[in-house]
Amino acid sequence: MARNAEKAMTTLARWRAAQVQEAGGQRERRPYLASECNDLPQAEKWRLQIVREIAKKVAQIQNAGLGEFRIRDLNDEINKLMREKRHWEVQIKSLGGPDHARVGPRMLDQDGKEVPGNRGYKYFGAAKDLPGVRELFEQEPPAAPRRTRADLMRDVDADYYGYRDDDDGMLLPLEQEAEKEAIERAVDEWKRNKEENKDQETTEEENIYPEDPDDKRIEDEEIEKPIETSHVAVPSQRDVEEALLRRKKQELLEKYGCLDVKMEES
């Protein structure tokens, strides 16, 4: 008791008591429930006081050096004040005051972006970089748009099916050249095997196919056949229209020509 009395007699305590006395008595405390206040000016006063406290704590939470636990406590206090502010705004509206929830600005961070959150709980300042919080707001890359069957068929044309790829005259010479090289390799291999096995043969091989003097065969190496490519003319729309017109004219000539002949005979 003596120690408390000594504290009360200090200069600071006396100065504070004099300041309270000049203000008109004890400092008025904010009601715990907004519904307990039925005076519109008082409700506006308490709402403004809460807004100032929120601004003060938001400025404090920007400091990442406060530590994880202090930052989490500040973020919880800010969210608690935000809920209390909404209660006062509802009470002000019920007392006939302005609708602050509708005309009030959105909560923005220091970068001018809307404060991220989930289910009404917001994260301010350094709280957004806490472990486990950043992963909540990392947006997944958008999925690639799924192409429909019509989109796939739009790119399919005659080249897709290889229409007339062999008629360009480029593939056939390459095949002939590859065929000659394959024949030459086969002949060289046969000659090499024959020379290796020559010492092991006891009798000479007889030619069971004697040469025929009347044989007029010509080898491909002596005379090269010309490259023949078959080009099928694909009629255009104009060709089809002209053919139909000629056919119609022919039918009309046959029809009315027969009538003229009959009339002349009669």
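This is a predicted model: local features need pLDDT of at least 70, side-chain atom pairs count only at pLDDT 80 or more; totals for chains, interfaces and linings use all residues.

Visitor: Which residues touch the most other members of the largest nonpolar core?

Guide: They are Ile54, Ile61, Ile71, Ile78, Trp88 and Ala127, out of 21 residues in that core. A nonpolar core here is a set of buried Ala, Val, Leu, Ile, Met, Phe, Trp, Tyr and Cys residues joined through side-chain atoms within 4.5 Å, and buried means under 20% relative accessible area, with exposed over 50% and partly exposed in between, using a 1.4 Å probe and protein chains only.

Visitor: Which elements give two or more residues to this core?

Guide: Those are α3 (40–61) and α4, and the largest share, 7 residues, comes from α4. Helices are DSSP runs of H or I with at least four residues, numbered from the N terminus.

Visitor: What does Ile78 touch?

Guide: Leaving aside residues up to four places away in sequence, Ile78 touches Ile54, Lys57, Val58, Ile61 and Phe124, where contact means heavy atoms within 4.5 Å.

Visitor: And Asn75, buried or exposed?

Guide: Asn75 is buried, with a relative accessible area of 2%, and it is found in helix α4, which covers residues 68–94. Its contacts, again not counting residues up to four places away in sequence, include Ile61, Tyr121 and Phe124.

Visitor: Switching topic, how many salt bridges are there?

Guide: The count comes to 10 salt bridges, each being a side-chain nitrogen of Lys or Arg within 4 Å of a carboxyl oxygen of Asp or Glu. One of them pairs Glu89 with Arg47, the closest N and O atoms being 3.4 Å apart. This pair links distant parts of the chain, since Glu89 is in helix α4 and Arg47 in helix α3, 42 residues apart.

Visitor: How far apart in helix α4 are Arg72 and Glu68?

Guide: Arg72 and Glu68 are 4 residues apart, so about one helical turn separates them, and their side chains meet in a salt bridge at 3.1 Å, N to O.

Visitor: What about Tyr160, where does it lie?

Guide: Tyr160 lies in the loop between α6 (149–154) and α7 (171–196), and it is exposed, with a relative accessible area of 57%.

How values were computed. Residues are numbered from 1 along each chain as its sequence is written. Side-chain values use heavy atoms; hydrogens and water are left out.
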